[in-house]
Amino acid sequence: MTSIRALRQLRAPCRLSFGAGSSRFNSSTSQSTYENILVTAPKPGVGLITLNRPRALNALSSALFRELNDALRQLDDDKTTGAIVLTGSEKAFAAGADIKEMKDLSFSEAFNTNFISSWSSTIPGVRTPLIAAVNGHALGGGCELALMADIIYCSSTAAFGQPEIKLGIIPGAGGSQRLTKAIGKSRAMELILTGKNFSGTEAGQWGVAARVFDTAEACVQGAIDIAAKIAGMSSLSVKAAKEVVNKSHDLSLRDGLEYERKVFHSLFGSRDQKIGMAAFAEKKKPEWSHE
């Protein structure tokens, strides 16, 4: 049983392992028992969400995403959490969508229920930085989930891909859009039209992943370490930085530069700008107020 308050008590030197279990988060309005994810706090300021459907290789389902979205919202609202890591198992980050859930859907059912819209509706609104630590299979919806993160770390043997074409469909949770923006039209077109996978090593070479590690354990530990480093910054400037970088995908260069400058100017009204610059001048470590 894990609540935000209990998470603070779990902070200890992190020994990584990939195992089964269940976790519970306490909400101010309700209690949600998590059957498909684990939520822990491996370091101060870091929330770690582990997809936990080992028998299904973490296949994604609506039930899993309800839990994931709930945990993300709670961590995002928690003032003590400065960064979030999302991972799976050594064998699979997420091996794709749960085909059993969708194989009998009709067009009218999929369209009228706006099927899988909830899979990609919450993460873009999370203001806390999200790092995906990808090991094993990240296919279909698993690849799309990783691409929603702000930063991707992966092991060299990870396998990314959008194989939906082999099932008579196409990516439906952002794969055709985010993958194309990440690696370019020609390469994305080849992968999506053939369903071909690409490795963790290639993900690093193509700019999909920020860092590539030799082992799964090193990948997750690296993600936790960078999350802790981010969590040690001013949360105000971290959220502002994430916002302006994400705007670069939506705005022209001219509009993006103008937007960046306005946000830059606005931070001079924060306490942390004064704290940070004074600490630099005095050669001290800043003690952030997050205001």
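Modeller: Rings of Phe, Tyr and Trp (its six-membered ring) pair if their centres lie within 6.5 Å; planes under 30 degrees apart count as stacked, over 60 as edge-to-face and the rest as tilted. This is a predicted model, where local features need pLDDT of at least 70, side-chain atom pairs count only at pLDDT 80 or more, and totals for chains, interfaces and linings use all residues. Residues are numbered from 1 along each chain as its sequence is written, and side-chain values use heavy atoms, with hydrogens and water left out.

Biologist: Which residues form one aromatic cluster?

Modeller: F160, F198 and W206.

Biologist: How many aromatic pairs in the whole structure?

Modeller: Five. One of them is Y153 with F213, tilted, at 5.4 Å centre to centre and 50° between the planes. Y153 lies in strand β9 (residues 151-155) and F213 in strand β12 (residues 211-213), so the pair ties together parts 60 residues apart in sequence. Strands here (E, at least two) and helices (H or I, at least four residues) are DSSP runs, numbered from the N terminus.

Biologist: And why is the pair of F160 and F198 stacked?

Modeller: The ring centres of F160 and F198 are 5.3 Å apart and the planes are at 15°, so the pair is stacked.

Biologist: What charged end sits over the ring of Y153?

Modeller: That of R211, 5.8 Å from the ring centre. The criterion is NZ of Lys or CZ of Arg within 6 Å of the ring centre and within 35 degrees of the ring normal.

Biologist: Switching to β5: buried or exposed?

Modeller: Five of the five residues of β5 (residues 83-87) are buried, so the strand is largely enclosed by the rest of the structure. Buried means under 20% relative accessible area, exposed over 50%, partly exposed in between (1.4 Å probe, protein chains only).
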